[in-house]
Amino acid sequence: MFFCQPFHTLLLLFLGASLILAAAPETRSSDPNSCPVLACGNPGIAGLPGRDGRDGAKGEKGDTGLQVKGQPGFPGKAGPAGPKGNTGAPGQKGQKGEMSAVDTVQRQVAALEKTVQTLQAEVRKIFAMLGATTVGGKTFVFTGQTHNFASGKALCSNAGGALAVAMNVAENTALAAMAKRNGKQIYLGMSDLQTEGQFVYLNGQAVRYTNWKRSEPNNLNNEDCVVLIPDTLWNDISCDHQTHIVCEL
């Protein structure tokens, strides 16, 4: 009890002083660093933020910006082929072109061939007048001329034929009859000029049919050509010998 009385007295004094200070008017101090007793306390806690203000008015439209064209992209994949269209109308016929050198030569060759065929026909007519014999697919024409082997070949070749040759019994018999009718032997289209003893036709093929006279060919005095005598037999003879020429067509 004795201890609590002094503490109670001090509390009453502190409360009384506080009331006096609160009631007294505010006085300013000449010291700029001084402050009122109540104003110099610690700062308070910051308040809550205020609400957002209203949206402002819409501004005017600005100028158009620069329009820069970008780089082109990569080409896409090719699409499927479309249906085939209808055939168009034929165009106008073009002008006739100039004849090329090849065409000119071909025309000249054709003209020459026609001329040769005409001459061959004329020669056949002449031969027919002198007498002709047909055996199988061959026609033998007696020319009525006598020549050596080389000249006789040229005569028949120029007429579009060849020097007559018997390749079977029927042809040999027909040629022998012509030789007998004119009384003289005739050349056959064969020789062994290239290789002695190996007789070949004018085209180089080996002779297949023969009708040699006994002991022939004997190559007497270098006999490389062949003649057909009227009795149907063959004999080798010099190619320079002059005798009748029969052509086959």
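**Exercise 1. Strand β6**

Task: In this predicted model, determine which residues of β6 are buried on each side, and which strands pair with β6.

Solution. 
Step 1. Sort the side chains by face. In a regular strand, side chains alternate between the two faces of the sheet. In β6, Cys225 and Val227 lie on one side, and Val226 and Leu228 on the other.
Step 2. Check burial. All four of these residues are buried, so both faces of β6 are covered, given that buried means under 20% relative accessible area.
Step 3. Find the partners. β4 and β6 are antiparallel and share three bridges; here Ser191 is the bridge partner of Cys225. β6 and β7 also run antiparallel, joined by four bridges, and Val227 stands opposite Asn235 of β7.
Step 4. Look at the turn. Five residues separate the strands in the hairpin of β6 and β7, and Thr232 there has a positive phi near 80°.

**Exercise 2. The aromatic cluster**

Task: Classify the ring pairs Tyr209–Trp234 and Trp212–Trp234, and state which parts of the chain each one ties together.

Solution. 
Step 1. Count the pairs. There are four aromatic pairs by the ring-centre rule.
Step 2. Take Tyr209 and Trp234. Their centres are 5.9 Å apart and their planes 80° apart, an edge-to-face pair. Tyr209 belongs to the loop between β5 and β6 and Trp234 to strand β7, so this pair ties together parts 25 residues apart in sequence.
Step 3. Compare with the burial cut-off. Tyr209 has 17% relative accessibility and therefore counts as buried. Trp234 is buried too, with a relative accessible area of 0%.
Step 4. Take Trp212 and Trp234. With 5.7 Å between ring centres and 80° between planes, this pair is edge-to-face. Trp212 is in the loop between β5 and β6, and Trp234 is in strand β7, so the parts tied together are 22 residues apart in sequence. Trp212 counts as partly exposed, because its relative accessibility is 22%.
Step 5. Phe199, Tyr209, Trp212 and Trp234 are linked by ring pairs.

**Exercise 3. Helix α4**

Task: Compare the span of α4 with the expected value, then describe its start, its end and its buried residues.

Solution. 
Step 1. Span. α4 covers residues 169–182, which is 14 residues. From first to last C-alpha it reaches 20 Å, close to the 20 Å expected at 1.5 Å a residue.
Step 2. Ends. At the start, a side-chain oxygen of Asn168 comes within 3.2 Å of the backbone nitrogen of Ala170. After the helix comes Gly183, with a positive phi near 70°.
Step 3. Burial. The buried residues in α4 are Glu171, Asn172, Ala174, Leu175, Ala176, Met178 and Ala179.
Step 4. Cover. Elements that cover these buried residues include β1, β2, β4, β6, β7 and β8.

**Exercise 4. Asn148**

Task: Is Asn148 buried or exposed, and which residues beyond four places in sequence does Asn148 contact?

Solution. 
Step 1. Location. Asn148 sits in the loop between β2 and α3.
Step 2. Accessibility. The relative accessible area of Asn148 is 19%, so Asn148 is buried.
Step 3. Contacts. With neighbours within four places in sequence left aside, Asn148 is in contact with Tyr187, Cys239, Asp240, His241, Gln242 and Ile245.

Methods
Residues are numbered from 1 along each chain as its sequence is written. Side-chain values use heavy atoms; hydrogens and water are left out. Helices (H or I, at least four residues) and strands (E, at least two) are DSSP runs, numbered from the N terminus. The expected span of a helix is 1.5 Å times one less than its number of residues. Buried means under 20% relative accessible area, exposed over 50%, partly exposed in between (1.4 Å probe, protein chains only). Contact means heavy atoms within 4.5 Å. A polar contact is a pair of N or O atoms within 3.5 Å; within protein, one must be able to donate a hydrogen and the other to accept it, and residues adjacent in sequence count only if both atoms are side-chain atoms. Rings of Phe, Tyr and Trp (its six-membered ring) pair if their centres lie within 6.5 Å; planes under 30 degrees apart count as stacked, over 60 as edge-to-face and the rest as tilted. Two strands pair if DSSP finds at least two bridges between them.
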